[in-house]
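Thanks for coming. I will walk through one structure today, a few places at a time, so please keep the picture in view.

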Amino acid sequence: MKRRLFNLLLVGIFCSTTAMVLCSCNDEWKDEQYEQYISFRAPLNDQGVTPIYVPYTRKGADGTPLFGNGMSNYQLPVIVSGSTHNSRNLEVHVAHDPDTLSALNWARFATRTELYFKDMVSYASFPNTVSIPAGQDVSLLDIRFDFQQLDLVEKWVLPLTVVDQGYDYGANPRKHYRKAMLRVFPFNDYSGDYSATGLTISIQGDANSTGLDKLRTYVVDDNTVFFYAGRFDESSPWRKNYKVYARFSGGTSGTVTMWCDNPEMEFRVNKEASYRMVESEDQTQPYLRYRNVIINNIDYDFADYTSSVGSKFYYNISGTLTLQRTINTQIPDEDQAIQW
């Protein structure tokens, strides 16, 4: 008898608990689980910025510039988050945000101002509002860029924020969602990170030589890039003194003309470089295409006059550079198709 009463008591407790759980679940499904906030889709990297790759000249399907030479655009996704779809017509306000960029620079680099990200708002334009119609959760903010006078020695960032004070929506309370810190990299057919394992660096008069893992080139115009001589890179405070320009003759093969505009660098080309562009398809994923740019016969000398006060070191750089891009041919937009 006692056992039977105990079993009945257990059944009662179980039924009561189950009913409470079901009731609780039903209540949660009726309500919004996560509030709807406005966010940018701009995930940050370990430097606190979002790298975006934009063609130096945005071109149409027929190959003609859409906005002019050296003019381009980027469409930044603006998102309505939440566990239900957006049911209202929203007019989201966007503003330039120099204060956050200043805070980022101080937090990352402190007094090393030569390494600061630089505000590129003077080279960009964007509408102050973006519309998100009812039933849609994403819209695009169209940002226009003028790259013609942009010197990529500087590390350009466009800082943006969602403005919500006084409006009928809320910006995401997490600052890394309500703000976008866009590190802009314009590109052409020849810019990017080259494998430099085939390049040797030697001090003149020394039989020993060393190499590099990679070498980054930066856009100057549609057919020209620059890179930093020897081991200098964008982390160097003297990088602007060691720019080497390389102009490609165009097409799938030709010559590469190199020069420098700093006489103190004592730059000298020993041999004319050449290049070729080779494309191939992936054997298992035929929609992927590999485009390789191979630069041969690189051979130049330069003087390092800043690393040691009162001294100059003369270097010879020679060898080959190789750039590979993986392109998804199923994606029509050039910057989206390239797997950066």
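**Starting from one arginine**

Leaving aside residues up to four places away in sequence, R58 touches T64, P65, L66, F67, M71, S72, N73 and D335. Before I go on, please note that this is a predicted model.

Where is R58 found? It sits in the loop between β2, residues 50-55, and β3. Is R58 buried or exposed? The relative accessible area of R58 is 12%, and the cut-off for buried is under 20%, so R58 counts as buried. One of the contacts of R58 is D335, and here the two side chains make a polar contact at 3.1 Å.

**The sheet with β3**

The loop with R58 leads us to β3, so let us look at the sheet that holds this strand. This sheet is open, has 4 strands in the order β1-β3-β8-β6, and its pairing is antiparallel. Which strands stand at the edges? They are β1, residues 38-40, and β6, residues 124-125. Each of these has a single partner strand, so one side of each has no neighbour in the sheet.

As a reminder, strands of a sheet pair through backbone hydrogen bonds, and the pairing is either parallel or antiparallel.

To find one on screen, pick I79, whose bridge partner in β8 is V138.

**A buried strand, β20**

Now to β20, residues 288-304. How many of the 17 residues of β20 are buried? The count is 14, so this strand is largely enclosed by the rest of the structure.

Let me go through the partners of β20. Strand β18, residues 268-269, pairs with β20 in the antiparallel sense over 2 bridges. R268 has D301 in β20 as its bridge partner.

Strand β19, residues 273-281, is also antiparallel to β20, and here there are 8 bridges. In that pairing, E279 stands opposite R291 of β20. A hairpin of 6 residues joins β19 to β20.

Then there is β21, residues 313-328, which pairs with β20 in the antiparallel sense over 15 bridges. Y300 stands opposite I317 in β21.

**Space inside**

Last topic: cavities. Rolling a probe the size of a water molecule over the atoms shows where empty space is left. How many cavities of 30 Å³ or more does a search of the whole structure find? It finds 2.

The largest cavity holds about 50 Å³ of space. Its lining is Y190, Y194, T217, V225, F227, A246, F248, M258, I295 and L321. By class, that gives 9 nonpolar residues, 1 polar and no charged. Two strands, β15 (224-228) and β16 (243-248), each supply at least two residues of this lining.

The second largest cavity holds about 40 Å³. It is lined by L152, E154, W156, R183, V184, F185 and Y218. Here the classes are 5 nonpolar, no polar and 2 charged. Which strand gives the most to this lining? That is β10, residues 179-187, with 3 residues.

That is the end of the tour.

Conventions:
Residues numbered from 1 in each chain as written. Predicted model: local features only at pLDDT ≥ 70, side-chain atom pairs only at ≥ 80, totals over all residues. Heavy atoms only, no water. Pairing = 2+ DSSP bridges. 1 Å grid on protein atoms, 1.4 Å probe; cavity = no way out; pocket = protein on both sides within 12 Å on 5 of 7 lines; lining within 4 Å. Points joined across faces, edges and corners; volume = space filled by probe spheres on them. Nonpolar A, V, L, I, M, F, W, Y, C, P; charged D, E, K, R; others polar. Buried < 20%, exposed > 50% of the residue type's maximum accessible area, 1.4 Å probe, protein only. Polar contact = N/O pair within 3.5 Å; in protein donor to acceptor, adjacent residues only side chain to side chain. Contact = heavy atoms within 4.5 Å.
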